[in-house]
Amino acid sequence: MEFRDTAELLAGRTALVTGAGAGIGRAIARAMARCGAFVWIADLDADRAATVVAEIGADGGRGGVATCDVADLASVRAMREHTGPVDILVNNAGTGVRAFRDGVATMEDFVGSDPAGWGPVIRINFEGVLNVSHTYLPGMLEAGWGRILTIVSDAGRRGERHQAVYGAAKAAAMGFSRGLAVEVGRAGVTVNCIALGTIRHGGASGGLADPERERAMLRPYPIKRLGRVDDPAPLAVLLCSDAGEWITGQVYPVDGGYTSGL
Ligand SMILES: NC(=O)c1ccc[n+]([C@@H]2O[C@H](COP(=O)([O-])OP(=O)(O)OC[C@H]3O[C@@H](n4cnc5c(N)ncnc54)[C@H](O)[C@@H]3O)[C@@H](O)[C@H]2O)c1
């Protein structure tokens with residue numbers, strides 16, 4: 001397809017972005033709406049979702065509120081009753097900046113971690129992707145067109161201290177996406193991931209208030225700034241458009257070059 005007018009890239013499509021009430025998901029949802037999609041803002045928090053729907057409306061776009069807990073299959077199925085089928089699914093909900101509390105990273109050495117904390121991390125970052133993909137995939141297969149995009153982390157591509165379980169859950173989501181891509185490609189459905197470096201937003205920014213700490217964090221980044229919430233949005237739109245038809249089973253880093261050596 002020709003790439004002339006991005007305002008029409010997703011025209012006529014319905015998208016659903018999980019965890020779109022804040023942060024990276026909100027930025028992706030707003031970008032998709034600006035490119036013509038109707039966007040369901042799927043979030044645990046209905047008030048946040050409603051605020052984003054209002055922002056989309058103010059931008060001249062269209063969207064709706066869809067509440068769910070991605071870690072709970074029954075809640076995801078109830079959401080599907082409300083939204084009907086979608087063309088584009090962005091699995092964005094994850095532990096995200098909630099790993100930080102009062103600006104301080106609460107991530108810890110694996111050996112000192114409480115085993116009771118592993119399940120929730122795996123449920124949101126991995127099982128949530130299975131729950132929502134399994135629920136919305138049949139509609140895409142029936143339509144003969146679909147896009148599934150999952151937001152993962154560089155922590156699942158290279159080892160990161162204090163993020164062993166989180167990185168493992170994200171790596172599982174990447175493995176799942178590669179396998180699913182092979183299964184559903186012939187039906188016109190593509191499945192990809194975007195792997196992020198550190199994005200400066202919300203609670204995470206608090207931990208970076210110390211300029212010395214931020215300088216240390218930036219050392220491995222060829223592009224000398226941390227990510228912004230809207231950095232992943234253009235690639236997300238592209239992968240979920242008709243222009244992404246021949247791109248599947250891939251993991252694309254959006255990380256200022258942090259993992260350029262991989
Ligand atoms: N922030 C970063 O630096 C960073 C880095 C790498 C990867 N990521 C990934 O990007 C994604 C988004 O991160 P973020 O920092 O924007 O998230 P965030 O913590 O700001 O949360 C965004 C939204 O997700 C919702 N949410 C949380 N759990 C949910 C659930 N179980 N079901 C439905 N909605 C839920 C929250 O209510 C919130 O509105 C996550 O998958 C995260 O792992 C983030």
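Helices α1 and α2 run roughly parallel to each other, in a model that is predicted.

**Exercise 1.** Work out why α1 and α2 count as roughly parallel to each other, and describe their contact.

*Solution.* Begin with the geometry: the axes of α1 (residues 23-34) and α2 (residues 46-58) come within 10 Å and cross at roughly 30°. Because angles under 35 degrees count as roughly parallel, the pair falls in that class. Next, take the handedness, which is right-handed for the passage of α1 across α2. Finally, list the residues that make the contact, namely R26, A29, R30 and A33 from α1 together with V52, E55 and I56 from α2; by type, four are nonpolar, three are charged and none is polar.

**Exercise 2.** Determine how α4 and α5 are oriented, and which kinds of residue form their contact.

*Solution.* The axes of α4 (residues 118-143) and α5 (residues 164-184) lie 8 Å apart at an angle of about 15°, and these helices are therefore roughly parallel to each other, with α4 passing α5 in a right-handed crossing. The residues that meet include W118, F126 and L137 in α4 and Y166, F176 and V184 in α5. Sorted by type, the contact residues comprise 16 nonpolar, two polar and one charged.

Technical notes
Residues are numbered from 1 along each chain as its sequence is written. This is a predicted model: local features need pLDDT of at least 70, side-chain atom pairs count only at pLDDT 80 or more; totals for chains, interfaces and linings use all residues. Side-chain values use heavy atoms; hydrogens and water are left out. Axes are lines fitted to C-alpha atoms, for helices over the stretch in contact, and angles run from 0 to 180 degrees between N-to-C directions. Helices (H or I, at least four residues) and strands (E, at least two) are DSSP runs, numbered from the N terminus. Angles under 35 degrees count as roughly parallel, over 145 as roughly antiparallel, 65 to 115 as roughly perpendicular and the rest as oblique. A crossing is left-handed if the near helix is turned anticlockwise from the far one by less than a right angle, and right-handed if clockwise. Contact means heavy atoms within 4.5 Å. Ala, Val, Leu, Ile, Met, Phe, Trp, Tyr, Cys and Pro count as nonpolar, Asp, Glu, Lys and Arg as charged, and the others, Gly among them, as polar.
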